[in-house]
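Dear colleague,

I am handing over the structure we spoke about, with the sequence alongside. Please have it open while you read the notes below.

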Amino acid sequence: MRIDDRTAARLKELGVELRQGVTLTEHTSLEIGGTTDQLLLGSFETIPEVMRVLSEEQIPHRFLGGGTNVLVADGELAWVVLHLPSSQPGMRIEGNTAIVDAAADLGGMVTFCARRDLGGMEGLIGVPGSVGGALRMNAGAYGTQIGYYVREVELYRASPGLIETLRGDDIRFDYRHTSFAPDDVMLRVKLELPSKPYKEILAGIRVCNEKRRSSQPLNQKSAGCIFKNPPGESAGRMIDELGLKGHRVGDAMVSDRHANFFVNAGTATCSDMLRLIDDVCLRVRSAYGIELENEVIVWKN
Ligand code: EPU
């Protein structure tokens, strides 16, 4: 999708930087994705106006965060991608409260808080991606999840076209699922964290890192776990039991380290990855009678 000159000029007035013909392989951890124009927003405050311009000009769009849990279509994409402004570090502490921009790096936030003796999120340290992405899907690992600590979320709500603030109690955080609307855009979060000495937090972080290193293919191109775990089951264990580690469609491959990680073992396309997902789902359904649900978000054209 390409932005025409007239729209580009309107967006420029709102402080939006346009990058033309960007390949999303460079912006996703799977290194899969087609080409489109990219818009970098200058500030949160302009979001309602930017969205109004895009709607008036009938330009489909999607917000891209860290790109670590998304499988993007191949070829010329039918929508542009938007990126939130990211100030460095975009985080501050007031007592036991951390106020963090959605564009901040999740691991960076855990470390920033740890250095100020605020803990609880040790398990999240190795989860790649942005704070906004983690909020949207309630990212979790090793017994913790971001939702436990959320006290307030500032977000752009597409239906009224306004920036609003939600109280943590008014948001549902379930396993890899939240009550946010699909077109809500996370902007900033307030987390309340327990006090803990830095050294203790660091020890917890080391334990989680070690567990992760020993079981997950951290040095390969992936989107983390591709499927959610069905209630009381492990998708990785089932796929492994079916002997599917190393199984591939083109360069899309079931990791030989952890079977719920599908990796791009070279130059995999979205269509390779989708065929691999379908194939594995079919085999799990036939063997176990269980329907796997994607954890990865698929952005089709
Ligand atoms: N297992 C196998 N073979 C495999 C993978 C796992 O037999 O190839 C077995 C393990 O031996 C273990 C069980 O399955 O007995 C569970 O495995 P693991 O401890 O690795 O946890 P998981 O359920 O596969 C979940 C999350 C991970 C998170 C870890 C640690 C999901 C879908 N996955 O994995 O999150 O890091 O627990 O808390 O909830 C993610 O969401 O992207 C993700 C990586």
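In helix α7, the residues C270, D272, M273, L276, I277, D279, V280, C281 and V284 are buried, where buried means under 20% relative accessible area, exposed over 50% and partly exposed in between, with a 1.4 Å probe and protein chains only. Please bear in mind that this is a predicted model, in which local features need pLDDT of at least 70 and side-chain atom pairs count only at pLDDT 80 or more, while totals for chains, interfaces and linings use all residues. Residues are numbered from 1 along each chain as its sequence is written, and side-chain values use heavy atoms, with hydrogens and water left out.

The cover over the buried residues of α7 includes β4 (70-72), α6 (235-241), β15 (248-249), β16 (252-254) and β17 (262-264); contact here means heavy atoms within 4.5 Å, and helices (H or I, at least four residues) and strands (E, at least two) are DSSP runs numbered from the N terminus. The 19 residues of α7 (residues 270-288) should span 27 Å at 1.5 Å a residue, and its end C-alpha atoms lie 26 Å apart, which agrees; the expected span is 1.5 Å times one less than the number of residues. Just after α7, G289 takes a positive phi of about 70 degrees.

Turning to the sheet, 4 strands form an open, mixed sheet in the order β1-β2-β5-β3, where two strands pair if DSSP finds at least two bridges between them. β1 (17-23) and β3 (61-63) stand at the edges with a single partner strand each, so one side of each is left without a neighbour in the sheet. β1 and β2 are antiparallel and share 5 bridges, and L18 has L39 in β2 as its bridge partner. L39 also has L82 in β5 as a bridge partner, and β2 and β5 run parallel, joined by 3 bridges. Strand β2 (residues 35-40) is mostly covered, since 5 of its 6 residues are buried.

Finally, the axes of helix α1 (residues 5-13) and helix α2 (residues 47-56) come within 10 Å and cross at roughly 170 degrees; axes are lines fitted to C-alpha atoms, for helices over the stretch in contact, and angles run from 0 to 180 degrees between N-to-C directions. In this contact, T7, R10 and L11 of α1 meet V50, V53, L54 and E56 of α2.

Best wishes
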